Amino acid sequence: PHAATGAYERGDRTLDVETATSLELTARYASADVRFEASVYRARFDDFVALIDSGLVWLEDDDEIVPAARAPAGEEALPVLDFRARDATFTGGEVVFGATLGQWAGWDVRADVAGSVVRASFRGGGRVPRIPADSVTLGVDAERGAWFGRIEVEGLASQDRVAAGETETDGATVLNARLRWRPEGLRGASLQLDGRNLTDEEVREHASFLKDVLPKPGRSVRLVVSADF
């Protein structure tokens, strides 16, 4: 039993070495006011090692493994996950675009957008478990002398491309903000106020083993004082 994954894990001493052949194409452009980078990739794995749901559960009180349908109601049970090696293919891409918007009331204003997507499946059928959902982040930051501020919106799509034994994960939209002050004459010193998930959304990471019982933190604000010496 593994508390960190909320599962009963079974290994396999006969697993072979995992190998992969991959191809990635990247394009970049940068000027004084614009930057752009995009990449796409495809990787073919032989003997990709993954934790696969077996359809069984481990009963803690009886120390017994039984089919999930036979688990007594109310009894502590953990899903049984097996380490298995299967050929798999991953396909995905990322894009980042940033631009200088100009000056506003003495502030240098910039904007950026970033997105990522990945698809993964086993050759012969079936999806690879715990694959992150598509995401996109839009941010605007401004700088003036010793001051820097940023506000960003992060969007996570729902994940309905699930493997056997997984549940779907709802999407979410998260608002983050940051304000930093670097006092003149104190090199390396800064005072920073960070706000995360300011709208207090319920966010669950599909790649997390515990996402059904443990969401990401809600609204949080922290003050950070740092100095280099």
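Figure 1. A nonpolar core is a set of buried Ala, Val, Leu, Ile, Met, Phe, Trp, Tyr and Cys residues joined through side-chain atoms within 4.5 Å, where buried means under 20% relative accessible area, exposed means over 50%, and partly exposed covers what lies in between, computed with a 1.4 Å probe on protein chains only. The model is predicted, so that local features need pLDDT of at least 70 and side-chain atom pairs count only at pLDDT 80 or more, while totals for chains, interfaces and linings use all residues. Residues are numbered from 1 along each chain as its sequence is written, and side-chain values use heavy atoms, with hydrogens and water left out. The largest nonpolar core has twelve residues, namely Ala-43, Phe-45, Phe-48, Ala-50, Ile-52, Ala-88, Phe-90, Val-118, Ala-120, Phe-122, Val-128 and Ile-131. Two or more residues of this core come from each of strand 3 (34-59), strand 5 (77-104) and strand 6 (107-122), and strand 3 gives the largest share, five residues. Helices (H or I, at least four residues) and strands (E, at least two) are DSSP runs, numbered from the N terminus.

**Figure 2. The surroundings of Ala-88.** Contact means heavy atoms within 4.5 Å. When residues up to four places away in sequence are not counted, Ala-88 touches Ala-43, Arg-44, Phe-45 and Phe-48, and also Ser-121, Phe-122, Arg-123 and Val-128.

Figure 3. A pair of aromatic rings is described by the distance of the centres and the angle of the planes. Rings of Phe, Tyr and Trp (its six-membered ring) pair if their centres lie within 6.5 Å, and planes under 30 degrees apart count as stacked, over 60 as edge-to-face and the rest as tilted. The structure holds five aromatic pairs. One of them joins Phe-45 and Phe-48, edge-to-face, with 5.1 Å centre to centre and 70 degrees between the planes, and both of these residues are buried. The rings of Phe-48 and Phe-90 have centres 5.2 Å apart and planes at 55 degrees, so this pair is tilted. It links distant parts of the chain, as Phe-48 belongs to strand 3 and Phe-90 to strand 5, 42 residues apart. Phe-48 is buried, with a relative accessible area of 13%, and Phe-90 likewise counts as buried at 13% relative accessibility. Through ring pairs, Phe-45, Phe-48 and Phe-90 are linked into a cluster.

**Figure 4. The largest pocket.** On a 1 Å grid over the protein atoms alone, a cavity is a set of points where a 1.4 Å probe fits but cannot get out, whereas a pocket is an open set with protein on both sides within 12 Å along at least five of seven lines; lining residues have an atom within 4 Å of a point. Grid points are joined across faces, edges and corners, and a volume is the space filled by probe spheres set on the points. About 380 Å³ of space lies in the largest pocket. Of the 20 residues that line it, Pro-79, Arg-130, Gly-165, Phe-209 and Asp-212 are the closest to its centre. Strand 3 and strand 5 each supply at least two residues of this lining, which by class has nine nonpolar, six polar and five charged residues. Here Ala, Val, Leu, Ile, Met, Phe, Trp, Tyr, Cys and Pro count as nonpolar, Asp, Glu, Lys and Arg as charged, and the others, Gly among them, as polar.

**Figure 5. The second largest pocket.** The second largest pocket holds about 190 Å³ of space. Among the residues that line it are Glu-154, Leu-156, Val-174, Asn-176, Arg-196 and Lys-216. Strand 8 (147-156) and strand 9 (172-181) are the elements that give two or more residues to this lining, whose residues divide into four nonpolar, four polar and four charged.

Figure 6. Ala-105 lies in the loop between strand 5 and strand 6, and at 56% relative accessibility it counts as exposed. Its phi is near 55 degrees, a positive value in a residue other than glycine. Arg-130, in the loop between strand 6 and strand 7 (135-144), has a phi near 60 degrees, again positive in a residue other than glycine, and counts as buried at 18% relative accessibility.
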